[in-house]
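Let's take a friendly walk through this protein, from its overall build to a few of its side-chain pairs. Have a look at the model first, and then read on.

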Amino acid sequence: MTQQDISKLETMTEAEERRFVTAFTSALASDKGDEAKRHLAAGRPIYYSDDQYREGIVKEHPDGRRQLVTFANDREVLIRDL
C-alpha cells in the first residue's frame with residue numbers, strides 16, 4: 001500500500017478530501033499485506049481487526065502466536081490467547 005499523508009486532512013478542501021479518500025480506498029483494496037509481513041520479519045507484532053473477535057483486536061507475534069487484546073488508558077490489555 002502506498003503511503004497516504006493524513007497530516008493535512010483537517011485543512012483539505014472537499015475536492016482534496018474526495019481525492020484522498022479515493023486514493024486511500026484504492027490503496028486498501030490493493031493491499032497484499034507486504035508492510036505487515038515486513039513488520040513480522042523484523043520481529044515486531046502486528047495488530048488487526050477480525051470480525052470473528054469483535055470484543056478486541058488481534059495481536060499477531062512474529063512466531064505466529066496470536067492474542068486478543070484491547071486498550072485501556074493507553075495500555076494494552078490481554079483478553080486471551082487465540
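## Overall build

The protein has a radius of gyration of 16 Å, whereas a compact globule of 82 residues would come near 12 Å. That radius is taken over C-alpha atoms, and the globule rule is 2.2 Å times the number of residues to the power 0.38. Along the principal axes, the C-alpha atoms fill a box of roughly 45 × 30 × 25 Å.

Before going further, please keep in mind that this is a predicted model, where local features need pLDDT of at least 70, side-chain atom pairs count only at pLDDT 80 or more, and totals for chains, interfaces and linings use all residues. Residues are numbered from 1 along each chain as its sequence is written, and side-chain values use heavy atoms, with hydrogens and water left out.

## Helices, strands and surface

The secondary structure comes to 2 helices and 4 strands, in the order α-α-β-β-β-β along the sequence. Helices (H or I, at least four residues) and strands (E, at least two) are DSSP runs, numbered from the N terminus. Of the contacts (heavy atoms within 4.5 Å) between residues at least 6 apart in sequence, 13% join residues at least 24 apart.

Buried residues make up 18% of the 82 residues; buried means under 20% relative accessible area, exposed over 50%, and partly exposed in between (1.4 Å probe, protein chains only). The protein exposes about 6600 Å², and carbon and sulfur atoms supply 50% of that area.

## Salt bridges

How many salt bridges are there? The count comes to 5, where a salt bridge is a side-chain nitrogen of Lys or Arg within 4 Å of a carboxyl oxygen of Asp or Glu. One of them joins Glu-55 and Arg-80, with the closest N and O atoms 2.8 Å apart. Glu-55 lies in the loop between β1 (46-48) and β2 (57-60) and Arg-80 in strand β4 (residues 75-81), so this pair ties together parts 25 residues apart in sequence. Glu-55 is partly exposed at 42% relative accessible area, and Arg-80 is partly exposed at 36%.

Lys-59 forms a salt bridge with Glu-76, the closest N and O atoms being 2.9 Å apart. This pair links distant parts of the chain, with Lys-59 in strand β2 and Glu-76 in strand β4, 17 residues apart. Is Lys-59 buried or exposed? Lys-59 counts as buried, at 11% relative accessibility, while Glu-76 is partly exposed at 33%.

Technical notes. Accessible areas come from the Shrake-Rupley method with a 1.4 Å probe; for residues, only the protein chains shown count as cover.
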